[in-house]
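Thanks for coming. I will take a few minutes to go through one structure, starting with a term and then moving to the fold and some charged pairs.

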Amino acid sequence: AAKGPAPHLRRSGGAATVKTMLLEWCRARTRGYEHVDVQNFSGSWGSGLAFCALLHSFFPDAFDFAALEPSARRENFALAFATAEERAGCAPLLEVEDMVRLPVPDAKCVYTYVQELYRCLVAKGLVKTKKR
């Protein structure tokens with residue numbers, strides 16, 4: 001018999017399924033954006049452009065994506081996080097300085113932030129979810 005907390009709940013890939021779904025959603029939203037290739041929740045986000053592309057896909061009037069440079073990491077993160085907070089109401093869960101300090105972003109931090117952004121976009125009615 002299963003032991004531990006809530007033995008009646010089995011791992012059926014719930015968290016992994018959510019993570020995969022969120023990664024696919026990010027890929028779909030950022031497809032076609034130059035210098036953006038979302039493959040994971042760590043290195044794919046290192047220049048800040050994936051965050052910018054994701055936000056630009058919802059708020060194209062917020063900034064000129066084509067003017068952004070992959071090497072301008074600090075500016076890209078600052079722009080993305082400010083846009084997420086102002087336009088989507090997303091809590092500032094990530095610090096620009098932390099993102100710039102790390103050569104490869106922490107996957108758990110990026111995943112948590114993207115989850116929060118997704119939740120905020122759903123709450124604003126900008127992302128449609130399937131009713132169960």
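A word on exposure before anything else: a residue is called buried under 20% relative accessible area, exposed over 50%, and partly exposed in between, using a 1.4 Å probe and protein chains only. By that rule Glu24, at 39% relative accessibility, counts as partly exposed.

What you see is a predicted model, in which local features need pLDDT of at least 70 and side-chain atom pairs count only at pLDDT 80 or more, while totals for chains, interfaces and linings use all residues. Numbering runs from 1 along each chain as its sequence is written, and side-chain values use heavy atoms, with hydrogens and water left out.

Now the overall picture. The protein chain has 5 helices and 0 strands, so the pattern along the sequence reads α-α-α-α-α, where helices (H or I, at least four residues) and strands (E, at least two) are DSSP runs numbered from the N terminus. The chain has 132 residues, and 40% of them count as buried. Its accessible surface comes to about 8,100 Å², with 54% of that belonging to carbon and sulfur atoms; the areas come from the Shrake-Rupley method with a 1.4 Å probe, and for residues only the protein chains shown count as cover. Take contacts, meaning heavy atoms within 4.5 Å, between residues at least 6 apart in sequence: 57% of these join residues at least 24 apart.

Next, the charged pairs. Side chains of opposite charge can pair when their charged atoms come close. The term salt bridge here means a side-chain nitrogen of Lys or Arg within 4 Å of a carboxyl oxygen of Asp or Glu. How many does a search of the whole structure find? It finds 5 salt bridges, and I will go through some of them.

Asp98 and Arg101 form another, at 3.1 Å, N to O. They too sit 3 residues apart, about one turn, within helix H4, residues 96-101. Asp98 is partly exposed at 35%, whereas Arg101 is exposed at 58%.

Which parts of the chain does the pair of Arg87 and Asp61 link? Their side chains meet in a salt bridge at 3.1 Å, N to O. This pair links distant parts of the chain, 26 residues apart: Arg87 is in helix H3 (residues 73-88), and Asp61 is in the loop between helix H2 (49-58) and H3. Arg87 is partly exposed at 31%, and Asp61 is exposed at 60%.
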